[in-house]
Each structure stands twice: as structure tokens, then as C-alpha cells.
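Hello,

Here is the structure I promised to pass on. Please open it first, then read my notes beside it.

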Amino acid sequence: MKNIILVSTILMLSGCGKTIIDYGNTAQTKFVNSLSTTVTLDAYSSGKIGLSSNISPGDTFSLNDKEEGTRPGFFKYDSLKLQTSGKSKVDVNCFNLNSDSEKARCSSDTVNIFDFSDYAIISEGDHSSVYFYSISYADSLEMK
Amino acid sequence: MNRKKSKILGLALVAFVIFGSCKKDDFTSSGKRNLTSKNSDDYSHSINLGTHLRNPYTISVMDSAKAILELSSPTDASKFIVRVTHRYVKFKPQTWDQYDLLVADTSLDLYDYPLDYEVSIGDEYHDPQVPIDSPTYQYAAVPANYTFLSNVPYEILADLYLPEQDPNLFFDGLSNSDLINKLVDKAMMLTGNFDDTIGTEAYTGNNLKTTFDPSGNVQIYDYGFTHPSPAFTNKYIPLEGVKIRARRWFTSRWAYTDAAGNYVIRPGFKRPANYLLVFERKDFDVRKGTFGQATINGPKSNLPWNLFISDRRQCFEGHIFRAAFDYYYDCISGIGRPPIKGFLRPKVKIAAHNKDKAYNAQTHPWVRLLGFYSMIDVWKPDRASAEIYSTTIHELGHAAHWDRNHRKYNACENKVAESWCRGIQYVFTQREYLDRMGLTGFDFWQGWQYLSTSNATDVKHMQDGYTPIVIDLMDTFNQRVYGNSWVDDKVSGFSIQEIWNTLNTAETLDDWRNNLKALGKPGVNPSDLDDLFDYYISI
């Protein structure tokens, strides 16, 4: 009884306090090449190439970018160049642009690899997800 | 000369001849010379004990040393009253509760390893006789009149006379420093600790060494993100505010590193000192896991110790320390700090768990008044340094919130508690990496601000409480430019201090909104505040 009173007193004095657990969301990016030709993918950060990969037709390229955040680390690149069959296009990451007007203008780019809405997102539990992007005919149409 | 003195002198001379011939004069010039910069991996291992040294500070040795001094300088010798000024103690905490009680005594300079051994560099020592999950023995020299804690077992290993800490010898200022060195030199020679002599006239004539101030610089490696590559950081940065101790046998002195990572410990020593880095401050300390102080044991040297921390575990501890230091002691624009140490307010313990877990961290303020265990736990040591920094700020944000108003903190909904911490970690991390380090392009958004109701993961995240509403209240960016599923954030201009002040009594987002409205901030349209808050409340 004495111990119960003691513990209760201590807890009251301490103000108790709830325990808060902070889950770290992680997300990963996977690119699926839906075209019939090999695609070269080059991502840039501050003007320097930071990621380069060839993806064969039908293959999936998994990026090791599972860092903290609700968005995969891939979305921190500034731009990405897609090439296939001698043609290419460059997508700019709207979210990394500085001014609001740039961001607004950029959002009008309908087929942009940095556009979240173009991804299929699969949750792996409550705090982990995989972002799938299919490099498709729509992308190839923008290549010159 | 009486018979007793003759006997002592005789013994001393024998000892001198035997050990003196082995003496290697490895003293270098007194000029400053930096140690070779070492990779921190050199320190990322257990500390090994070397030779068990004979203790030069025992009463019997000091009596002998004084007798020898008396022969050549009776006036000098007469100034020493050899007596028990300190005790060399081995504390034996049986439980972690006892350990926490012991380390709460900030008057003690505790060490995990015995002080009369040669010790290697490293970052951990656990006595092999102590079970690995129990606290290892703690060693210290305590004043003779020290009142021991009744519930922490201890053993007095030796009674000591420490002339360096004898208040009777402080009256004459600097001149007594040379006097003390004469006695200590003789004690060192009597016990065969020749590397610890400084060469007073009694030993090598006029080769009296000058004082050296233990000094150096501490840098910590900032690991960047895997993506984007090239990373923004991946370089050494100064580690500010960390405590560096220099120990000469039983006398410890310390200093904190400055903003450039530099430190100088004064007054210095005339003999090599053992360096030790301790991740602690008055108000908090960083633990290795749940228990045990995080430290890095440096070399024994009379040269500056420059430390470049790159080992992942040590960096983990270091970046947690760095964040806590910023929140506790940096300029923070008028927001409340995490709990500070005071009467019945033990220092906050932050546990750096060197392993992965399903979650990043947790905060449980209720343990604080009890003084035991960690208030904050952080996991996942291999993340980018900015993430570790940011997570620590987030958890300290909870602690500050709790400290401000226990009742409201306990009662508030997660959207209030987590949104506050999301905001504060954003503010700190952006300031540190973008503003202070000048890393152009660093934008630590991590998806925090770019959440949409069209994305199931985002919705879950916001339902868990992690809304970016604090950022929205401050910045000028309106996410609605991306589409109607994004928040229509037309609010801007609130300061972090205003947001903090209005958090005080808020239990819900609605309370918080009303508190903000009550400020009547010019330029803020109440209906815009409604739109902003309603978006997150409705999720």
C-alpha cells in the first residue's frame, strides 16, 4: 500500500505525460519501362548528374532512396532526362523550384516524372510506401 | 637528519637508480604541434586497460616525496601538509537507478575505467566482471569530506593527497605551481611513473617544462542523403558546445568547444593529460543506448587533440547532441526551451540507440522527474545527419511543449502536438543547413509540406497528426497551385514565437486557430485562417 501511494505521488508530481512515438515514414521509387525500347534515365541535382541507369523493356529499376519522408528521396532531384531511340525529354521538378510562379507554370506540364499524381503508390504497412512510375507512350510523345 | 628521513631517502635513491636508468626522455619541444588528424574509426572500439600504474598520490608516497624534497629544499617542503584531501573511489552501482543517482551528482568527474591504469583510446569500457547489461563501475577522486549516497555501493581504493587541489597552496599564486611540481615529480619518480615527470631540477637539472593547455578542435562528419546525389553535405562541420575533459591522474579540467569546434582547457598541465570527449551539458546528456554516458576517449598527450568524428555511431550521438545544444542554448526567437535542470528537475537524458526500429524516436516526459531512464529515445543511426538532427529537434519540441503546460500537452490531440514539432524541426533544420551552412538548394521539405488529400499515404500521415500547418502559418507558399486536393494556404507572416505562444492552451486545432485569431494580426484574414485550419481538421 505504501508503495502504491509513493508511486502515485511521484506520478502526480511528475505531471505524468503521454508517450509519443514518432514513426518515420519511408518511401521508395520504382520505375517500370513500359516501352519496347531501352530507356536511359539521368537525374540531376544542382546541375550535376547524380543518378544514371539503363532500363530494358519491361524491366523495373528500383531506386535505393528509402529515406525518411512521405516522398521518396528521388523527388529531391532537380530534373530528369529520359532518352530512348535517339530522342529525349527533360522533366523539371516543380517542387524544387524557388518561386511560386515557376511552380505554378511547371505544374502545367502534364506528363512529368516528378508529378506525384502520375505514380501508383502502394503502401507497405502504415509508414512505408512504394512509388511506381511507368515510363510510357505518353512520355515518348514528349521526346524530341 | 633523523633515522626515518635517512631510510626514506635511501629507498628513494634505490628507486631512482633502478627506474631512473630506464627513463626515456621522450619529451618533445613545448611548441604547439597538432596530432595527426585521425579518422574517428580509430576510436570506434572498446577501451583497453594497459599497465596498472603505481599510484603516486597515496599518503605514503607523498610522505616519502616530501621527505626527499625536505633534504634539498626544507622551506619548500614545509609548505606541504600531507594529509587526506581526496579519496580514490570505485562506485559500484548495482542497478541503473543507482547509476542515474550517481551521475546526477554533477560535482563528480566520473570515469568508466580506473584512473590508475594506462588506457587506450576508444569509446566504451565495460568492466569484464560486471554483467554487460548492468552499469559498469565508475571511478572518481572525491574530496575527503564528500558525502556518499547511501544507496550506491562504493569502495575506497586509496586515500589521496592531491597537492594540485590543496587549498593551502593556492595563496601564493603561480609560484606554488612550481613548488607543487617539485613534489609531484618526486612522487612520480618514486612510483616509477617516469613518463609523468616534468624534469624539475631534482631530476634533470634545469629542464623544467612549460605548461601546456590541452586544446584542439572537434569536427563531425555530416552524412548527406543518398538522394539526391551529389548530396548537399557529406563533409566535416564543427561540433559546438561539447565538453572536453583533460585528466591528469585524479585531477580533471574541462572546456567546451566553441562555434568553430575549438577548445582550450585552462589552467593547463605540465605533463601529458588524458583527453576525453563527453556528450553532455548541464541540462541534458546523450546516452549510449538507454544507459551510460556517450563519450570518446582520446589519447594521453601533451599536444593538441584534434578529433574528426566520422564513425556512424559516434556521429549519431554527436548529431543528437548538436541538435539538443541548438535547442537549449542557441537563439530560438522567443520560443520555450526544453526542460532545464533544476531542483527536482533532473537533466534530460536522450538515448541514442545504435540500432534500427520500426519508428524513429519516442518521447515520454513522465520519466523525467523520477530522474531515471531516458526522456527521449532515438533510433536508426544510419540515416542522413540532417534527419537525425531534425528528429532530435522534433522530440525536444515535444519535451518543450510538455514542460510549458503538462496538462494541455497530455490532453491535446496528436494534430496539435505533432504539427508543432513538425514546424519546429523544419525551422531548425532549414536554419542550420540552408542559412548557416549556406547549402543552396537544401530544402528539407521531405514531403512534410506537400501533402495532398488525393494521396492515401499523405492522408494517413496527416491523420497521424503530422500536418504542416506551422510552416503554412509562416511561409508565403500556397500549395493550392498544385490542385484542389492541396491546402489553400493564403496565410503567412506568423512568427514562430506567436505560434508557440498560441500553442500553450490549445488542445485541438480549433483551439489553436482561435488563439491565433485572438492575436488580431494585421494582414491576416480570419477567413483565410479558417480555410487553412479547416483543411487539416477535416482530414
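Predicted model: local features only at pLDDT ≥ 70, side-chain atom pairs only at ≥ 80, totals over all residues.

Start with chain A. Four strands form an open sheet there, in the order β4-β3-β6-β7. Their pairing is antiparallel. The edges are β4 (48-55) and β7 (87-92) of chain A, and each of these pairs on one side only. On average, neighbouring strands of the sheet are turned by 15 degrees against each other, ignoring direction.

Now zoom in on one pair. To see one bridge, find Leu80(A): its partner in β7(A) is Asp91(A).

**The cores**

Next, look at the nonpolar residues. The largest nonpolar core has 116 residues. Those with the most contacts inside it are Leu277(B), Ile320(B), Ala324(B), Ile350(B), Ala352(B), Ile376(B) and Val378(B). A second, separate core has 40 residues, including Ala65(B), Val89(B), Leu183(B) and Met188(B). In soluble globular proteins, nonpolar side chains tend to be buried together.

**One residue up close**

Is Ala324(B) buried or exposed? Ala324(B) has 28 C-beta neighbours inside 10 Å. The cut-off for buried is 20 or more, so Ala324(B) counts as buried.

Which residues does Ala324(B) contact, leaving aside neighbours within four places in sequence? They are Phe284(B), Ile350(B), Thr392(B) and Leu396(B). Take Phe284(B). It is 40 residues from Ala324(B) in sequence, yet their C-alpha atoms are 7.9 Å apart in space.

Not counting residues up to four places away in sequence, Ile320(B) touches Val286(B), Ile350(B), Ala352(B), Val378(B), Ile388(B) and Thr392(B).

Helix α8 (residues 385-404) packs against helix α10 (residues 414-436) at an angle of about 135 degrees. Their axes are 8 Å apart. Among the residues making the contact are Tyr389(B), Ile393(B) and His401(B) of α8(B). From α10(B), the contact includes Trp420(B), Phe428(B) and Tyr433(B).

Best wishes

How values were computed. Residues numbered from 1 in each chain as written. Chains lettered and ligands numbered in written order. Buried ≥ 20, exposed ≤ 12 C-beta atoms within 10 Å, placed from the backbone. Contact = placed C-beta atoms within 7 Å. Pairing = 2+ DSSP bridges. Helix = DSSP H or I, 4+ residues; strand = E, 2+ residues; numbered from the N terminus. Axes fitted to C-alpha atoms, helices over the stretch in contact; angles between N-to-C directions. Core = buried A, V, L, I, M, F, W, Y, C linked by C-beta atoms within 7 Å.
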